[in-house]
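Please look through the structure shown here with its aromatic rings in mind, and then follow the paragraphs below, which go from one group of rings to the next.

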Amino acid sequence: MSQTGATLSGSYSGASASPTAAGFKWGTVSGSLNQTASCSASGTSGSLSATLSGLSAGKTYFYQAFVTVSGTGDYASQSQTFYGTECSFKTKAVATASVTTSAANPVGSNSATLNGSFSGASGRVYETGFYWGTSSGSMTNQVTTDGTNNTSGSFSYQLSGLSASTIYYYRAYVLEYNEATGSYEERVASSYKTFTTTAAQTFGDQEYLSGYGIPALSSLNPTLRGHADQRTSWDDYWYSYSTSNSNRQIAVHTFLHPDTNEETCNYVTLYDGSRYAPVWTAHTMNSTYWPDTGISRPSNDPWTTDPAISLVQFDGLDDNSQYSRGHFVASNYRKTTTGQNKQTFYYTNKAPQWQDGFNSGVWSTLEERVVTMTPSGTTMLYVVTGVLYEGTLTYKSKTVGSKTYNVPLPSHFYKCIMRCTFSGGAVIGAQGIAFVYTNASHSGDKYYKAEYVTTIDAIETRAGFDFFPNVPAAYQNTAESNSNHTWFTGQSN
């Protein structure tokens with residue numbers, strides 16, 4: 001049997017004479033075999049064989065053998081046809097998928113999501129992916145995603161570490177199983193597409209929104225809304241960005257580095273005015289660049305309004321319930337200057353967090369572990385801290401002046417951690433891990449309990465962000481899919 005032909009076999013015995021006709025009835029519908037393949041037969045018993053051609057690949061056919069025998073004696077003028085049991089076979093499938101390259105979306109300054117689709121597959125699609133590069137004649141880079149048993153579908157892949165303001169070319173492909181040859185056949189789209197990365201968000205010599213530890217923001221289309229004309233009393237020469245979501249703004253907080261006397265990024269936050277809390281904050285840990293000079297946390301916790309955000313802000317829910325002000329960038333992460341530390345007390349750097357057994361328990365222990373794991377030199381620890389709002393939310397009221405606000409409580413808090421090692425400015429290694437907790441007491445638990453450990457990929461899916469888009473894909477994919485916390489916790493379980 002092949003993809004377009006098959007040899008049918010059968011036999012007969014006990015005939016009263018040699019058959020006058022023999023062969024097979026066949027067709028594509030069981031019980032309705034409307035085509036005939038004849039063959040020769042002689043004697044009262046024997047074998048039958050007929051070859052079919054011009055069949056369709058990957059299709060099921062039904063058949064049954066027959067012989068026609070004439071009568072004897074007084075019934076010599078009569079004939080009778082005898083049939084065998086109906087059987088079936090399926091021709092071998094060939095690779096038939098049609099592949100289409102679709103438009104890239106979204107596209108940022110350092111990342112882009114490639115899209116493709118396929119249809120009409122007859123065999124299993126083992127792998128989908130893209131070839132890409134910076135010219136139509138040199139699409140030598142390859143990225144892959146998992147296949148599917150479906151006959152059609154769509155697929156995508158997010159590239160990272162791209163150059164800003166650059167044209168890229170790409171073409172979609174699939175690997176489909178060809179049963180006729182017993183191997184996988186590459187089916188490549190007939191045409192390629194291009195995209196152009198956007199210009200980098202730069203102000204002066206600093207690219208505050210495009211570092212290795214800054215989440216992808218192209219979908220929010222950030223635009224500079226304003227910045228401090230002079231350094232504030234908290235050593236902050238901040239930058240503020242509007243986004244395409246009127247409820248969300250981005251703030252970059254800086255400080256004057258005491259060693260270099262240069263403007264240095266403290267942290268970046270995406271604030272949501274509809275939830276009165278940040279979506280996430282992103283910052284870097286490195287004792288060479290952000291050293292601990294012995295600065296103490298202010299004794300009075302001087303929480304105040306963030307000058308870089310114009311949306312509604314107010315103090316925590318401490319006076320309402322058992323919730324405390326859960327830091328995103330912890331105070332003990334920032335001990336280089338007094339002003340740098342004070343900047344962690346902006347209202348845009350906290351959300352209502354259960355106190356006993358969480359803020360004072362596993363969360364505090366995790367924060368301390370981040371400090372312990374702070375590297376130096378050419379290794380950087382990038383941390384994204386955020387909240388999720390999943391399921392049925394609980395609301396707490398907060399009265400500010402004459403107005404009462406209903407504040408949604410986060411369902412979960414998470415930290416995504418990426419450690420990158422550099423050589424000559426290029427990433428040569430990366431490790432990742434993530435932790436997520438329900439906003440409730442976890443008294444007595446280890447912060448690395450199995451149910452709290454997850455992958456960066458999993459948090460990205462739940463949060464709807466690509467957290468480390470500029471880490472090269474060769475390292476990013478492995479780091480973001482890792483769920484083994486040993487490298488970070490130093491514990492085996």
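**Aromatic rings in the model**

In this predicted model, ring pairs join Phe 130, Trp 132, Phe 155, Tyr 168, Tyr 170 and Phe 195 into a cluster. Taken as a whole, the structure holds 39 aromatic pairs, and two of them can be followed in detail here.

One of these pairs is formed by Tyr 208 and Tyr 239, whose ring centres are 4.9 Å apart and whose planes make an angle of 45°. Because planes under 30 degrees apart count as stacked and those over 60 as edge-to-face, with the rest called tilted, this pair is tilted. Tyr 208 belongs to the loop between β15 (193-196) and β16 (223-227), while Tyr 239 is in strand β17 (residues 239-242), so that the pair links distant parts of the chain, 31 residues apart. Both Tyr 208 and Tyr 239 are buried.

A further tilted pair consists of Tyr 276 and Phe 314, with 5.0 Å from centre to centre and 35° between the planes. Here, too, distant parts of the chain are linked, 38 residues apart: Tyr 276 is found in the loop between β19 (263-272) and β20 (277-285), and Phe 314 in the loop between β20 and β21 (323-327). Tyr 276 is buried, as is Phe 314.

Rings can also be looked at together with charged side chains. The charged end of Arg 275 sits over the ring of Tyr 389, at 4.1 Å from the centre of that ring, and Lys 25 lies over the face of Phe 66, 5.6 Å from the ring centre.

Notes: Residues are numbered from 1 along each chain as its sequence is written. This is a predicted model: local features need pLDDT of at least 70, side-chain atom pairs count only at pLDDT 80 or more; totals for chains, interfaces and linings use all residues. Side-chain values use heavy atoms; hydrogens and water are left out. Rings of Phe, Tyr and Trp (its six-membered ring) pair if their centres lie within 6.5 Å; planes under 30 degrees apart count as stacked, over 60 as edge-to-face and the rest as tilted. Helices (H or I, at least four residues) and strands (E, at least two) are DSSP runs, numbered from the N terminus. Buried means under 20% relative accessible area, exposed over 50%, partly exposed in between (1.4 Å probe, protein chains only). A charge sits over a ring if NZ of Lys or CZ of Arg is within 6 Å of the ring centre and within 35 degrees of the ring normal.
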